[in-house]
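Subject: Structure for your review

Dear colleague,

Please find below the sequence and structure that I am handing over to you. My notes on what was found follow directly after.

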Amino acid sequence: MFRIGMGFDVHRLVEGRELWLGGIKIPHELGLLGHSDADVAIHALCDAMLGAANLGDIGHHFPDKDPKYKGIDSKILLAEVAKLIDAEGYELGNADLTICCEQPKINPHIAAMKAVLAQCLNCQEQQVSIKATTTERLGYTGRGEGIATYAVALLKRKA
Ligand code: MG
């Protein structure tokens, strides 16, 4: 049995923050603002996986009012989501992410992101697709005000 889920997240780009995206730190003059490390790609992926299992959303499991999650590495949250999925009797089939961003260029970092996320999910790199697009300088991502990510995940019932 298969179940599909989708996730979407946005974080604002600001000065004075590190840029964590897809589980890696990218050198850039701006970083994403959030209670955690604000890794918008991981957050969208978490929501896609949670949605597929009908387990609510990332804010439900890891409230941003909880000091426990302040500054937390989102890879820890993703590994936690993988555990929740596993406990429900599902495993990841595949996931596909689209990161919307004007700057920095994402493509040079995609291989590293895939390796890190696959390790975090204990799956093959081939199961995690990461793509990037600009929004042709339109909207908040186009103006460089933030980064958005769309994600879909397919879960399958464990044998
Ligand atoms: Mg978020």
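The accessible surface of the protein chain amounts to about 8,200 Å², and carbon and sulfur atoms account for 52% of that area. Please bear in mind that this is a predicted model.

Overall form

The protein chain contains five helices and seven strands. Read from the N terminus, its elements follow the order β-β-β-β-α-α-α-β-α-β-α-β. The radius of gyration of the protein chain is 15 Å, which agrees with the value near 15 Å for a compact globule of 159 residues. Along the principal axes, the C-alpha atoms occupy a box of roughly 45 × 35 × 25 Å. Of the 159 residues, 47% count as buried. As for the contacts between residues at least 6 apart in sequence, 71% of them join residues at least 24 apart.

The metal site

Which residues coordinate the magnesium ion? The donors are Asp9 through OD, His11 through NE2 and His43 through ND1, at 2.1 to 2.3 Å. Their spacing in sequence is D-x1-H-x31-H. Aspartate 9 belongs to strand 1 (residues 2–15) and histidine 43 to helix 1 (residues 40–52), so that this pair, 34 residues apart, links distant parts of the chain. Aspartate 9 has a relative accessibility of 18% and therefore counts as buried, the cut-off being under 20%. Histidine 43 likewise counts as buried, because its relative accessibility is 7%.

The nonpolar surface patch

Ile4, Met6, Phe8, Val10, Tyr140, Tyr150 and Val152 make a nonpolar surface patch of about 650 Å². The elements that contribute two or more residues to the patch are strand 1 and strand 7 (146–157). Strand 1 provides the largest share, with four residues. Valine 152 lies in strand 7, and at 36% relative accessibility valine 152 counts as partly exposed.

Salt bridges

The count of salt bridges comes to seven. Three of them are described here, beginning with the pair of lysine 75 and aspartate 73, whose side chains meet at 3.2 Å, N to O. Lysine 75 counts as buried at 18% relative accessibility, whereas aspartate 73 is partly exposed, with a relative accessible area of 27%.

Another salt bridge joins the side chains of lysine 83 and glutamate 80, at 3.7 Å, N to O. How are these two residues placed in helix 3 (residues 74–87)? Lysine 83 and glutamate 80 are three residues apart in that helix, so about one helical turn separates them. Lysine 83 counts as exposed, because its relative accessibility of 53% lies over the cut-off of 50%. Glutamate 80, with a relative accessible area of 32%, is partly exposed.

The side chains of aspartate 86 and lysine 158 also meet in a salt bridge, at 2.5 Å, N to O. Because aspartate 86 lies in helix 3 and lysine 158 in the segment after strand 7, this pair ties together parts that are 72 residues apart in sequence. Aspartate 86 is partly exposed, with a relative accessible area of 42%, and lysine 158 is also partly exposed, with a relative accessible area of 31%.

Yours sincerely

Key. Residues numbered from 1 in each chain as written. Predicted model: local features only at pLDDT ≥ 70, side-chain atom pairs only at ≥ 80, totals over all residues. Heavy atoms only, no water. Donors = N, O, S within 2.8 Å, 3.2 Å for Na, K, Ca; no water. Buried < 20%, exposed > 50% of the residue type's maximum accessible area, 1.4 Å probe, protein only. Patch = residues over 30% accessible without salt bridge, like charges linked within 9 Å, V, L, I, M, F, W, Y side chains within 5 Å. Areas by Shrake-Rupley, 256 points an atom, 1.4 Å probe, with all protein chains shown as cover. Salt bridge = Lys/Arg side-chain N within 4 Å of Asp/Glu carboxyl O. Rg over C-alpha atoms; globule rule 2.2 N^0.38 Å. Contact = heavy atoms within 4.5 Å.
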